[in-house]
Amino acid sequence: MRAEPLEIKEVPTPTPGAGQLLVRIEASGLCHTDIHAARGDGPARPTPPFLPGHEGVGIVELVGPGVTEHTTGDRVAIPWLGHACGTCDYCVTGWETPCEAQQNTGCSVDGGHAAFALADARYVVRVPEGIDPAEVAPLTCAGVTTYRAVKVGGVSPGDRVAIFGIGGLGHLAQQYAQIFGGETIAIDVTEEKLALAKRLGAAHVVNAATTDPVAAIEALGGADVAVVLAASPRIIEQAHASLRRGGRLILVSSPKGSTMALPIFQTVLKGIRADFAEVFRLHAAGRTRVMVEPRALDDINSAMEDVLAAGVPAHLLLLP
Ligand code: ZN
Ligand code: ZN
């Protein structure tokens, strides 16, 4: 069953409760997870009405009672992990991401595709000076997720790293693999995306529409690490087949039709917190380039169609 399109509505600006912030949104990245949430066809199924978006970046406008972490005027990013209980076995051992009482931004609590958003002050991430807020939005989910993937994949200098799917996630995964010293092979079916991968420093590009990627990567000696950003089971199989012995397969996407969770959601909170700081620091140092394409928040439905059509060689950004 096909869900209704999203509606643009005037809603009252919320008031921050204890421990919460009211954030005036500057930009909010459009992630594939938002599309699953909006259509109710993913593992996380929100109850309408709700506001999607978990890559919101903005300025703290009001602070609720008891907030000590942030103050008005701070620029913050509001990620997927919006809240955890702080008292369960997972939380007390620093593993907040499996917390069964967690709240997810843009899913179980309202998110950033709006002019204002509420956020738990303990879970927002401060944005360092000197980075364009429009570029921070994709880093808040796509950046941290792919950075984690490359880190978990143990990419080390000289490794051949095959990136299956160059897009909002893939163009970042490729750059992190290169920062870790990897020699990257970009695989996609769109020449425009392969041209982007080349500009960002890919050592090799393979158009899977015209060339068998497994044979092409085998001819290079096989991949030490394959990072998959595409949901097609066939592409996951190709990525697996392209590995050399001892190679590592890292799935950032989940296979279509399966309810498998993204590995990133099961990682240790401390690790994730460190990842945010590292991702933002690398960007502030000019080590990554974030390809964003701004759209008006009012055009969210056509933006979602474009993402599903896979024709956008960048991360779409919604501006309220
Ligand atoms: Zn996301
Ligand atoms: Zn907990």
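**Exercise 1.** How far apart do the C-alpha centres of domain 1 and domain 2 lie in this predicted model?

*Solution.* Begin with the bounds: the domain assignment gives domain 1 as 20–127 + 290–319 and domain 2 as 143–258. The C-alpha centres of these two domains are 27 Å apart. In the contact, 7 residues come from domain 1 and 7 residues from domain 2.

**Exercise 2.** Describe the interface of domain 1 and domain 2 by area and by polar pairs.

*Solution.* Start with the area, since the size of an interface is often given as the accessible area lost when the parts come together. Between domain 1 and domain 2, about 630 Å² is buried, and carbon and sulfur atoms give 63% of that area.

**Exercise 3.** Identify the donors of the zinc ion (ligand 2) and assign the geometry of the site.

*Solution.* Step one: the SG atoms of C85, C88, C91 and C99 coordinate the zinc ion at 2.2 to 2.4 Å. Step two: along the chain, these donors follow the spacing C-x2-C-x2-C-x7-C. Step three: the angles among the 4 donor atoms are 104 to 117°. Four donors count as tetrahedral if all angles lie between 85 and 135 degrees, so the site is tetrahedral.

**Exercise 4.** Is C91 buried or exposed?

*Solution.* The relative accessible area of C91 is 7%. Buried means under 20%, therefore C91 is buried.

Definitions and conventions: Residues are numbered from 1 along each chain as its sequence is written. Chains are lettered from A and ligands numbered from 1 in the order in which they are written. This is a predicted model: local features need pLDDT of at least 70, side-chain atom pairs count only at pLDDT 80 or more; totals for chains, interfaces and linings use all residues. Side-chain values use heavy atoms; hydrogens and water are left out. Donors are N, O and S atoms within 2.8 Å of the metal (3.2 Å for Na, K and Ca); water is not among the atoms, so sites may look incomplete. Four donors count as tetrahedral if all angles lie between 85 and 135 degrees; four count as square planar and six as octahedral if opposite donors are over 155 degrees apart and all others between 65 and 115; anything else is irregular. Buried means under 20% relative accessible area, exposed over 50%, partly exposed in between (1.4 Å probe, protein chains only). Domain bounds come from an automatic or database domain assignment. Contact means heavy atoms within 4.5 Å. Buried area is the accessible area (1.4 Å probe) that two parts lose on being put together, summed over both. A polar contact is a pair of N or O atoms within 3.5 Å; within protein, one must be able to donate a hydrogen and the other to accept it, and residues adjacent in sequence count only if both atoms are side-chain atoms.
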